[in-house]
Amino acid sequence: MTTFPSHDLDTAPEGSKPLLEKSQAAFGRLPGLHKVMADSPQHLEAYQVLHGLFQASDFDADELTVVWQTINVEHECHYCVPAHTGIAKMMKVSDDIIEALRNETPLPSEKLEALRTFTLEVVRQRGNVTEEQFNAFFAAGYSHRAVLDVVLGVAQKTMSNYVNHMAQTPVDPVMQKFAWEPKAKAAAE
């Protein structure tokens, strides 16, 4: 398997150093994902910008978590599911929501379940959403803006999930207590 570089502030390309400093300031550490992405300053910057833009959307903490974790679980991302479990806890998202997303069980509200369903439809159908699917999403109280913001979340998570698959990014020690395996893999063991 190809081994991807994992950079720190000393080894990163010059263009990535200020981006890693930004990560260090935001998280109090350098997340492993950012250390891998740092090999391409453009990639790391794009990821950070998308992350900031998605957080600035109209979604609240619960909704941000639903979109992020729905995509992470669907993509079976060994790194992002634990990372976003920790992030959700820091954002004060309820354990009921966190566990429902990790275990693919029903969410505690119909509106959040509609958001998860629509996010899955966008991912699985590569954006080819039907009129019925749009109508169900709108009936749950979401708008056209929310549709676009889901796509923004998909773009951000696709970058991180795919990089983690290719680089086999180790889960950060602080997030290892939230380790996760896909349902199919866990059932086979």
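Analyst: In this predicted model, the largest nonpolar core comprises 46 residues. Phe59, Leu115, Phe137 and Val150 are the residues with the most contacts inside this core. At least two core residues come from each of helices H1 (17-27), H2 (32-37), H3 (41-55), H4 (61-74), H5 (80-90), H6 (95-103), H7 (110-124) and H9 (144-167). The greatest contribution is that of H9, which gives eight residues. Leaving aside residues up to four places away in sequence, Val150 touches Phe59, Leu115 and Phe137, and also Val67, Phe118, Thr119 and Val122.

At its N-terminal end, H4 is capped by Asp60, with a side-chain oxygen of Asp60 lying 3.1 Å from the backbone nitrogen of Asp62. The helix has 14 residues, and the distance from its first C-alpha to its last is 20 Å, close to the 20 Å expected at 1.5 Å a residue.

H4 is mostly covered, with 11 of its 14 residues buried. The buried positions are Glu63, Leu64, Thr65, Val66, Val67, Trp68, Gln69, Thr70, Ile71, Asn72 and Val73. Among them is Val67, one of the residues that Val150 touches. The packing partners of the buried residues of H4 are H3, H5, H6, H7 and H9. After H4 comes Glu76, which has a positive phi, near 55°.

How values were computed: Residues numbered from 1 in each chain as written. Predicted model: local features only at pLDDT ≥ 70, side-chain atom pairs only at ≥ 80, totals over all residues. Heavy atoms only, no water. Core = buried A, V, L, I, M, F, W, Y, C linked by side-chain atoms within 4.5 Å. Buried < 20%, exposed > 50% of the residue type's maximum accessible area, 1.4 Å probe, protein only. Helix = DSSP H or I, 4+ residues; strand = E, 2+ residues; numbered from the N terminus. Contact = heavy atoms within 4.5 Å. Expected span 1.5 Å × (residues − 1). Polar contact = N/O pair within 3.5 Å; in protein donor to acceptor, adjacent residues only side chain to side chain.
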